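Subject: Handing over the model

Dear colleague,

I am passing on the structure below, followed by an account of what was found in it. Please read the account with the coordinates open beside you.

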Number of protein chains: 2
Amino acid sequence: MPTKYKGTEQEVLALETVIKLSRSLNSLNAHLLPPLQKEFGITESQLAVLESLHHLGPLTQGQLCQKMLKSGSNLTTVVDNLERDDLVRRERDPNDRRVQIVQLTPKGAELIGRAFPRHVDRVTRAFSALSADEQRELGRLCRKLGRALAEPGGAERRERVSV
Amino acid sequence: MPTKYKGTEQEVLALETVIKLSRSLNSLNAHLLPPLQKEFGITESQLAVLESLHHLGPLTQGQLCQKMLKSGSNLTTVVDNLERDDLVRRERDPNDRRVQIVQLTPKGAELIGRAFPRHVDRVTRAFSALSADEQRELGRLCRKLGRALAEPGGAERRERVSV
DNA sequence: GAAATATACTTCGACATCTAATAATACGAC
DNA sequence: GTCGTATTATTAGATGTCGAAGTATATTTC
């Protein structure tokens with residue numbers, strides 16, 4: 001939705017773009033998450049954990065954090081819930097007793113084996129609204145934007161240079 | 001991060017794209033939200049409410065829901081917190097006593113008057129990593145994706161046609 | 001005008017998410 | 001070897017988010 005803000009062209013463009021970006025992910029989530037919940041009883045974060053373990057094997061919570069770009073305390077909560085539902089198991093690393101190694105239970109492996117292909121299918125269909133080239137371009141622009149922000153200094157340095 | 005999933009080209013492309021989209025918004029939020037919290041003590045949702053009231057004047061909670069695409073129960077929570085901090089006020093519509101009209105308090109008006117320009121500035125700088133054309137293209141692709149999902153039937157219809 | 005239905009919001013319970021503070025363990029300097 | 005520091009995870013407390021159920025008020029229907 002166009003903001004009523006009266007700023008420079010540059011400002012209005014950036015605001016409109018961030019809104020479109022947010023809303024597209026919003027729509028995507030509204031499309032993808034309810035089926036996960038209804039068909040498999042899992043959330044997006046739980047899917048992310050299960051999928052990582054499915055494709056990469058047992059991982060420490062720290063590694064899961066890194067993969068998912070979420071805070072440690074968040075990972076603890078998500079893994080707690082998965083453990084309660086008997087989808088994953090925690091095990092202390094004998095070599096470093098601070099570390100928790102998380103792995104799929106048979107029940108978790110079975111579930112992700114069913115859920116992931118269905119999820120991929122839904123994602124693929126969702127993106128079929130864009131051509132392959134458009135998807136690549138969207139990906140490129142997103143990555144360019146993300147990288148610029150992740151740089152040390154990031155957008156902040158541009159602030160000082162341009163102002 | 002490229003998934004290890006071995007699917008069709010189409011599937012891999014869609015998965016990679018959705019990940020890049022998610023991460024870019026993730027980075028953007030990591031860049032924009034902490035300053036809001038630190039400088040002004042408000043969250044993203046609170047900013048959205050305050051900004052809407054700032055630019056559009058008093059609104060009902062239903063109108064705010066629509067503008068923010070959030071659930072009603074969520075709006076109740078956010079407005080509760082804003083009211084507790086004396087940034088907005090609720091008032092029953094005398095013509096329809098079910099309706100709550102939300103409006104800025106002087107304190108809220110003062111705060112959003114300071115916070116919004118700072119926020120716009122940060123958004124604009126963040127997006128300065130992309131040229132104006134790139135921003136427009138990013139916006140176009142996001143909107144195209146979002147619209148396809150919002151359509152009645154949306155990606156579901158394409159499922160039946162293409163399979 | 002009373003009953004059924006619809007609308008606007010709130011409440012409740014669950015999960016995700018963050019930051020800050022804490023606990024347990026490992027490691028490095030001395 | 002002990003002490004201080006770093007790392008890994010958990011806990012505590014706050015907010016956002018949702019869906020489902022509940023409450024209050026309007027509107028429609030008969």
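Chain B holds an open sheet of three strands in the order β1-β3-β2, with antiparallel pairing (strands are DSSP runs of E of at least two residues, and helices are runs of H or I of at least four, both numbered from the N terminus; two strands pair if DSSP finds at least two bridges between them). Its edge strands, each pairing on one side only, are β1 (59-60) and β2 (88-93) of chain B.

Before going further, please note that this is a predicted model, in which local features need pLDDT of at least 70 and side-chain atom pairs count only at pLDDT 80 or more, while totals for chains, interfaces and linings use all residues. Residues are numbered from 1 along each chain as its sequence is written, and chains are lettered from A and ligands numbered from 1 in the order in which they are written.

Returning to the sheet of chain B, β2(B) and β3(B) pair in the antiparallel sense over six bridges, and these two strands form a hairpin with two residues between them. Within that pairing B:R90 stands opposite B:V102 of β3(B), and B:E91 has B:I101 as its bridge partner in β3(B). Helix α2 (residues 44-56) of chain B lies across β1, β2 and β3 of that chain and runs at about 90 degrees to β3(B) (axes are lines fitted to C-alpha atoms, for helices over the stretch in contact, and angles run from 0 to 180 degrees between N-to-C directions; two residues are in contact if their C-beta atoms, placed from the backbone, lie within 7 Å).

Chain A also has an open sheet of three strands, in the order β1-β3-β2 and with antiparallel pairing, and its edge strands are β1 (59-60) and β2 (88-93) of chain A. Two bridges join β1(A) to β3(A), which run antiparallel, with A:V102 as the bridge partner of A:L59. Across β1, β2 and β3 of chain A lies α2(A), at about 90 degrees to β3(A).

The contact between the two chains takes 55 residues from chain A and 55 residues from chain B. On the side of chain A that touches chain B, two or more residues come from each of α1, α2, α5 (106-127), α6 (132-150) and α7 (154-162) of chain A, and α1(A) gives the most, with 18 residues. That side divides into 26 nonpolar, 16 polar and 13 charged residues (Ala, Val, Leu, Ile, Met, Phe, Trp, Tyr, Cys and Pro count as nonpolar, Asp, Glu, Lys and Arg as charged, and the others, Gly among them, as polar).

One helix pair between the chains can be described in detail. The axes of helix α1 (residues 9-40) of chain A and helix α6 (residues 132-150) of chain B come within 8 Å and cross at roughly 30 degrees, which makes α1(A) roughly parallel to α6(B) (angles under 35 degrees count as roughly parallel, over 145 as roughly antiparallel, 65 to 115 as roughly perpendicular and the rest as oblique). Residues that make this contact include A:L13, A:K20 and A:H31 of α1(A) and B:Q135, B:C142 and B:L149 of α6(B), and the residues of the contact divide into ten nonpolar, seven polar and four charged.

Finally, the DNA. DNA strand C is surrounded by 23 residues, the closest being A:T43, A:S71, A:S73, B:G62 and B:S73 (a residue is near a molecule or strand if its C-beta atom, placed from the backbone, lies within 6 Å of it). The largest share of the surface near DNA strand C, five residues, comes from α4(A), and that surface divides into three nonpolar, 15 polar and five charged residues. Of the 23 residues around DNA strand D, A:G62, A:S73, B:S45, B:S71 and B:S73 come nearest. Here α4(B) gives the most, with five residues, and the surface near DNA strand D divides into two nonpolar, 15 polar and six charged residues.

With best wishes
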